[in-house]
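Hi everyone, thanks for coming along. Let me put the structure up on the screen, and then I'll walk you through it.

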Amino acid sequence: MSDKPKGKLAVYWAASCGGCDISTLAIDEKILNVAEAFDIVLWPCAADGKVRDIEKMDDQSIDVCLFNGGIRTSEQEYMAQLLRRKSKVLVAFGSCACEGCIPGLGNMDTRKQVFDTVYKEGSATVPENPQDVRPQPETEVPEGTLHLPVYYDTLKTLDQTVAVDYYLPGCPPEAENIWKAIVAIVEGKLPPAGSVLGVNTTVCDECKRTRTEKKIKKFYRTWEIIPDEETCLLEQGILCCGIATRAGCGALCPQVNSPCIGCHGANDGVTDFGARMMSALASVIDSDDPEEIAQIIEDGIPDPVGSFYRFSLAASLLRRKKKVST
Amino acid sequence: MCSGRVDPSFVFKALAGGADGVMIAGCHPGECHYIEQNYKAMRRYAILKHSLTAMGIEPDRVQLVWASAAEGQRLAEAITKLVDDVRELGPLEWPANWDEDDGRLEALEAIAKEHEEAMEVPS
């Protein structure tokens with residue numbers, strides 16, 4: 001990598017947990033190769049770098065920006081717009097940026113409901129708040145007006161906010177896939193813009209379990225059954241999302257007797273991950289009686305959104321639960 | 001289109017695009033040219049409704065109707081029923097669900113302005 005002139009790299013986080021940054025550091029000593037190939041101009045988790053310095057840079061002067069996290073606040077939207085403007089290549093890095101991920105499940109509530117939970121009902125962060133103080137976007141103090149970011153009702157994915165060049169799936173992306181992506185970027189061997197940097201097949205293809213015919217009379221939640229280690233988990237009645245999920249992880253979860261929960265999202269051409277799951281499951285439920293079918297579904301899948309859209313609610317066609325003004 | 005081909009995403013797309021209701025019509029169970037596709041439709045519909053309810057969408061907005069090619073009357077009645085039910089429920093206006101109307105643009109401008117005004121820290 002050393003014979004090329006140094007490029008500029010930015011890594012940023014928005015509504016995310018920090019796992020993407022940790023996974024990036026999990027490429028271990030190869031991070032030194034990254035530092036050899038790039039000047040790291042911004043990486044809040046691991047390096048210095050100031051937003052004001054980014055603002056002063058010429059547009060398109062950052063070669064690559066790896067952006068993890070969804071867009072939940074005005075500050076995150078501002079940073080997404082800024083980094084889009086300053087970067088030649090913007091990568092939606094990890095499930096949150098690609099499709100909202102766990103923070104996107106906040107789309108089942110509104111800002112008011114989230115704030116009620118945190119500031120009124122007694123949370124770990126705010127155990128007591130008798131005066132019901134809430135964060136305000138603007139506060140007047142003698143020195144002037146102070147601003148806090150506005151918290152949005154609906155979390156948006158990165159590409160619902162700004163144009164995105166590439167997507168790197170996973171919660172978090174596996175270190176070896178991150179390294180492959182970095183090498184592809186440095187060597188200029190990138191697929192057409194808009195592509196997902198990964199394979200285009202399902203987790204089932206990487207899963208070593210034995211599959212025969214799927215006929216399901218009852219779904220089990222993971223704590224209700226100890227699955228056998230050889231047979232397909234879905235055939236045992238466990239809601240495994242491997243049938244709809246993009247591969248690339250090596251079927252990590254099924255390998256340890258745990259169902260795939262869909263963190264790599266859908267394959268190319270699928271508009272709605274949850275719809276894909278629903279469609280596939282409908283084919284394997286073993287009943288032709290409407291009442292029995294309804295019973296199997298209601299008993300076995302008490303939380304359909306959490307089961308089918310754990311990672312992709314914000315990117316789904318409906319994006320959120322119906323907003324009720326309260 | 002065969003009712004067995006109706007993917008739940010078609011229904012989501014219609015609702016997200018502004019439809020207030022969706023009807024899925026298929027041949028009667030037991031009368032499928034492709035043996036069992038309408039049973040698949042029946043199961044997909046059940047799982048779809050379960051999810052729609054969780055998303056806050058009234059179940060009556062999406063209805064499954066079995067009607068053969070010889071049952072024009074039945075189909076017409078089912079359409080009338082769907083229209084009546086949806087009229088009762090009112091417009092869904094789904095895309096308005098993710099509008100952010102509460103000071104978003106002002107907040108974005110405030111950040112840029114604040115950064116411009118911020119004191120330069122000598123290096």
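**A walk through the model**

Let's start with one pair of residues: L9(A) has V64(A) as its bridge partner in strand 3 of chain A. Strand 3 (residues 62-68) runs parallel to strand 1 (residues 7-13) of chain A, and 5 bridges join the two. When I say that strands pair, I mean that DSSP finds at least two bridges between them. Helices (H or I, at least four residues) and strands (E, at least two) are DSSP runs, numbered from the N terminus.

A word on where this comes from: this is a predicted model, where local features need pLDDT of at least 70, side-chain atom pairs count only at pLDDT 80 or more, and totals for chains, interfaces and linings use all residues. Residues are numbered from 1 along each chain as its sequence is written, while chains are lettered from A and ligands numbered from 1 in the order in which they are written.

Back to the sheet. In chain A, 5 strands in the order 2-1-3-5-9 make an open sheet with parallel pairing. At its edges are strand 2 (38-42) and strand 9 (166-168) of chain A; each has a single partner strand, so one side of each has no neighbour in the sheet. From one strand to the next, the twist averages 25°. Lying across strand 1, strand 3 and strand 5 (87-93) of chain A is helix 4 of chain A, which runs at about 135° to strand 5. For angles like that one, axes are lines fitted to C-alpha atoms, for helices over the stretch in contact, and the angles run from 0 to 180 degrees between N-to-C directions.

There is an antiparallel pair to look at too: strand 4 (residues 71-73) and strand 8 of chain A, joined by 2 bridges. Here I71(A) stands opposite K156(A) of strand 8. Strand 8 of chain A is largely enclosed by the rest of the structure, because 5 of its 6 residues are buried. Buried means that 20 or more other C-beta atoms lie within 10 Å of a residue's own; exposed means 12 or fewer, partly exposed is in between, and the C-beta atoms are placed from the backbone.

Now, what sits inside? The largest nonpolar core has 107 residues, and A10(A), Y12(A), C65(A), F67(A), L83(A), V91(A) and A92(A) are those with the most contacts inside it. Helix 2 (residues 37-54) of chain B gives the most to this core, 8 residues. Domain 1 (1-198) and domain 2 (203-308) of chain A both contribute residues, so the core lies between them. By a nonpolar core I mean a set of buried Ala, Val, Leu, Ile, Met, Phe, Trp, Tyr and Cys residues joined through C-beta atoms within 7 Å. Take Y12(A): leaving aside neighbours within four places in sequence, Y12(A) is in contact with L42(A), P44(A), C65(A), F67(A), M79(A) and L83(A). Contact means that the C-beta atoms of two residues, placed from the backbone, lie within 7 Å.

On to the domains, whose bounds come from an automatic or database domain assignment. The centres of domain 1 and domain 2 of chain A, taken over C-alpha atoms, are 31 Å apart. Between them, 11 residues of domain 1 of chain A are in contact with 8 residues of domain 2 of chain A. Helix 5 (residues 95-99) of chain A supplies the largest share of the domain 1 side, 3 residues.

And how many residues does each chain bring to the contact between chains A and B? Chain A brings 41 and chain B 35. Helix 11 of chain A has the largest share of the chain A side, with 7 residues. By class, that side has 21 nonpolar, 7 polar and 13 charged residues. Ala, Val, Leu, Ile, Met, Phe, Trp, Tyr, Cys and Pro count as nonpolar, Asp, Glu, Lys and Arg as charged, and the others, Gly among them, as polar.

Zooming in, the axes of helix 11 of chain A and helix 1 (residues 8-16) of chain B come within 8 Å and cross at roughly 145°.

P172(A) is in the loop between strand 9 and helix 8 (175-186) of chain A. Thanks, everyone!
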